[in-house]
Amino acid sequence: MAPLTAALRSALPGDSVITDPVRLRTYECDGLTHHRAVPGVVALPETAEQVALVVRLCNEHGVPFVARGSGTGLSGGALPREDGVLIVTSKMRRILEIDLPDRRAVVEPGVTNLAITEAVRERGHYYAPDPSSQQVCSIGGNVAENSGGAHCLKYGFTVNHVEACEIVTPDGDLVRLDRMDPGYDLLGAFVGSEGTLGIATKVTVRLSRAPEAVMTVLAAFRSIEEGGRAVSAIIGAGIVPAAIEMMDALAIEAAEAAVACSYPAGAGAVLIVELDGPAAEVEAQFARLRELCSGAFEMRVAADAAERAAVWKGRRSAFAAVGRISPAYIVQDGVVPRTSLPRVLAAIDRLSAEHGIRVANVFHAGDGNLHPLVLFDDAEPGAGERAEVVSGAILDLCVEHGGSITGEHGVGVDKARYMPKMFTGDDLDTMQLVRCAFDPRGLSNPGKVFPTPRLCGEVPGVRKGVHPLVESGEAEQF
């Protein structure tokens, strides 16, 4: 690392290379704090050319590298390497171009998600994908993880709103990938590849026109099962809201403690449904929605933008809010068919009771994307291990019901061991071939997405001892 560090200091300006042990610990994990590793060195480039130079230097010295944006990821996708370089793009935060006639914006990877909407809001446009962390999460990270958000039920994920990307390939070349390119859909392969196929340095995103009317409805139910049935009824009736979000009683308790969102007292679950589009269509959909949510003991309709923001405040703060009721937690990201929601939620309740671990449920109910928050006290002996078992069992439930291990957070290091439960060996080999075509030396974010022999069939979490395969030299522990 020493020769590489010296080369980086010569190539990058000012205080753009970090080796101080205290400062390095700032970058030891992403939003999933359960996995930690202190990077060997951190580089903070300010231009695409500097990113490319850092990657080329890593290649020259045979050193792995990991890209990181704002560090809000929840799967350990930006977990650094102790023997590698962490390339942080947070200094690259310029909006380079806004083209409203063509509804496009060109931004650097460090631009935050919400900053795009704020730049065009007054001109009647916005950027549709909206992760709950949109105030701080970066576009580069959104592209890497194919991030979603509440309104992706109707409008799609990041991949549906990216028109082109300038990327630095794993060998250090600057290349443009465009949706209009002939041949293989390389842009589609890159979005959601979790940093394993290169690093985005410039992103062209699609802007959407603000809808004529928006209506936000809060419906309170006595139980989460009742709320789940209402979700199935809404979608079954052919209504496609902009968003359908649900929180259970424990998540509501956390949100109330954190931001005083004033949801209806005594609710076992609240459903947030947002309708948008032409005013006449929204009114017609709302009339039908009232019928389909007849099981709710209270319904509220936001009167204006301020009240809409108040309704959303509790939901958007949910992940951070659980810190008010639990010292530690693991957040999962499984997906199930909407019709399976009541059965899966009941099974999660049983797992919670069986292991003595509380689970707060927050999810994108419209597309069955669960975000169970497995709560535990990391000071209590054995609590972390029990939480890991519950967390893994929830993903098993999702797969058993025909769902997926991730809907928007990505695989990273946290879910790599579950990939063989979803895909055959041939499937995984094909994915690896794509990865090797981009990165034959395996330097770009190694150890992510794909399982290694030491992980197959193991209980989730960091192994406490040395694995026999590591001890024998047959596998490497990251």
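**Exercise 1. Decide whether cysteine 58 is buried or exposed, and whether it belongs to a disulfide.**

Start with accessibility: cysteine 58 has 0% relative accessibility and so counts as buried (buried is under 20% relative accessible area, exposed over 50%, partly exposed in between, with a 1.4 Å probe and protein chains only). Next, look for a partner: the nearest cysteine sulfur belongs to cysteine 436 and is 19 Å away, and cysteine 58 is in no disulfide (a pair of cysteine sulfur atoms within 2.5 Å).

Before going on, note that this is a predicted model, where local features need pLDDT of at least 70, side-chain atom pairs count only at pLDDT 80 or more, and totals for chains, interfaces and linings use all residues. Residues are numbered from 1 along each chain as its sequence is written, and side-chain values use heavy atoms, leaving out hydrogens and water.

**Exercise 2. Find how many disulfides the whole structure has, then check cysteine 29.**

The search of the whole structure gives zero.

**Exercise 3. Describe the surroundings of histidine 409.**

Then check burial: its relative accessible area is 10%, so histidine 409 is buried. Finally, list neighbours: leaving aside residues up to four places away in sequence, histidine 409 touches residues including Glu145, Asp333, His371 and Lys415 (contact means heavy atoms within 4.5 Å).
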